[in-house]
Amino acid sequence: MLITADNIKQLNWEKCDGMIPVIVQNAFSGKILMQGFANTAALEKTFNTGLVTFYSRTKDRLWTKGEESGNHLKLVELSTDCDKDSLIALAEPVGPTCHLGTETCWDNDAQPHLAFLSDLQDVIASRKGADANSSYTASLYAKGVKRISQKVGEEGVEVALAATSGDKDELICESADLIYHLTVLLQSMDLSLTDVIDKLKERHAK
C-alpha cells in the first residue's frame with residue numbers, strides 16, 4: 001500500500017507504539033541504505049519537504065537525514081507492508097548515506113546482485129567530460145555519439161554471433177561489452193538505464 005500525506009493515519013500506529021520503523025532503499029539500485037524510526041510528525045515533514053525525515057530517539061526530536069552533512073535522501077515513494085506497521089522509503093541518495101562516509105550503513109555487504117549496474121552507471125557518468133586520455137570511457141565520450149553508437153552496433157553483432165555459435169562464455173563476455181557500451185551511449189544522450197526500465201515497465205503494464 002502506497003502511503004501519502006493523506007493516509008498517514010491508516011498506519012497501525014497503536015501496534016508500534018507511535019513509532020514506526022522505516023527502511024530506506026535506493027530507488028534505482030535496490031540497495032538498502034539505512035533504517036530509522038518515524039512518528040506522524042516525521043512523515044508529515046517528509047512529505048512537506050520531499051526529504052526523508054525520522055524521529056531520532058537519541059536526540060529526542062525530528063531529524064532530517066543530511067540536515068548537517070547535506071547528504072539528503074530525496075523521497076521517491078513510501079509504502080507499507082500488509083500489517084501497516086513498517087515502511088519502505090524508496091529514495092534518491094545525495095552523497096553517502098552512512099555517517100561513516102559509506103554508500104550504505106551496510107557498506108557493500110549483502111547487496112542485490114543487479115545493484116552493480118547502478119554502480120557501473122555512476123562510474124560511467126563520472127567519466128563524462130574527463131580528459132580523453134584518463135580512461136577508455138572518457139575517450140569514447142570524446143569521440144562522440146556516432147562512434148559510441150558504432151561500438152554498440154558492433155557489440156550487438158558480437159553477441160548474436162556468440163549465441164549462434166553456442167559459445168556461452170563468449171556470449172557472457174560480449175553481453176557485458178554490449179551493456180557497458182549501451183550505458184555509455186545512454187549517458188552521452190543525457191539518458192540513463194532508469195529511462196529504459198521505465199519504458200519496459202510501461203510496456204509490461206499494457
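**Packing, sheet and cysteines**

Author: Leaving aside neighbours within four places in sequence, Ile20 is in contact (heavy atoms within 4.5 Å) with Leu11, Trp13, Gly36, Phe37, Ala38, Lys84, Asp85, Ser86 and Leu87. This is a predicted model, in which local features need pLDDT of at least 70 and side-chain atom pairs count only at pLDDT 80 or more, while totals for chains, interfaces and linings use all residues. Residues are numbered from 1 along each chain as its sequence is written, and side-chain values use heavy atoms, with hydrogens and water left out.

Reader: Which residues touch the most other members in the largest nonpolar core?

Author: They are Ile20, Val22, Val24, Leu43 and Leu87, in a core of 21 residues. A nonpolar core here is a set of buried Ala, Val, Leu, Ile, Met, Phe, Trp, Tyr and Cys residues joined through side-chain atoms within 4.5 Å. Buried means under 20% relative accessible area, exposed over 50%, and partly exposed in between, with a 1.4 Å probe and protein chains only.

Reader: Which elements give two or more residues to this core?

Author: Those elements are β1 (20-26), β2 (32-38), α1 (40-49), β5 (73-80) and β6 (87-93). Helices (H or I, at least four residues) and strands (E, at least two) are DSSP runs, numbered from the N terminus. Another core, of 9 residues, lies apart from this one, and includes Tyr141, Val152, Val184 and Leu185.

Reader: Now the sheet. What is the strand order?

Author: The order is β2-β1-β6-β5, in an open sheet of 4 strands with mixed pairing. Two strands pair if DSSP finds at least two bridges between them. β2 and β5 stand at the edges with a single partner strand each, so one side of each has no neighbour in the sheet. From one strand to the next, the twist averages 25 degrees.

Reader: And how many bridges join β1 to β2?

Author: There are 6, and the two strands run antiparallel. Gln25 stands opposite Ile32 in β2. The hairpin of β1 and β2 has 5 residues between the strands, and Gly30 takes a positive phi near 85 degrees there.

Reader: How does β1 run relative to β6, parallel or antiparallel?

Author: β1 and β6 run parallel and are joined by 5 bridges; Val24 has Ala89 of β6 as its bridge partner. β1 is largely enclosed by the rest of the structure, because 5 of its 7 residues are buried. On β6, 7 bridges form the antiparallel pairing with β5, where Leu75 is partnered with Ala91 of β6.

Reader: Where does α1 lie?

Author: α1 lies across β2, β5 and β6, running at about 125 degrees to β5. Such angles run from 0 to 180 degrees between N-to-C directions, and axes are lines fitted to C-alpha atoms, for helices over the stretch in contact.

Reader: Changing topic, how many disulfides are there?

Author: The count is 0, a disulfide being a pair of cysteine sulfur atoms within 2.5 Å.

Reader: Lastly, is His99 buried or exposed?

Author: His99 is exposed, with a relative accessible area of 74%, and is placed in the loop between β6 and α2 (115-126).
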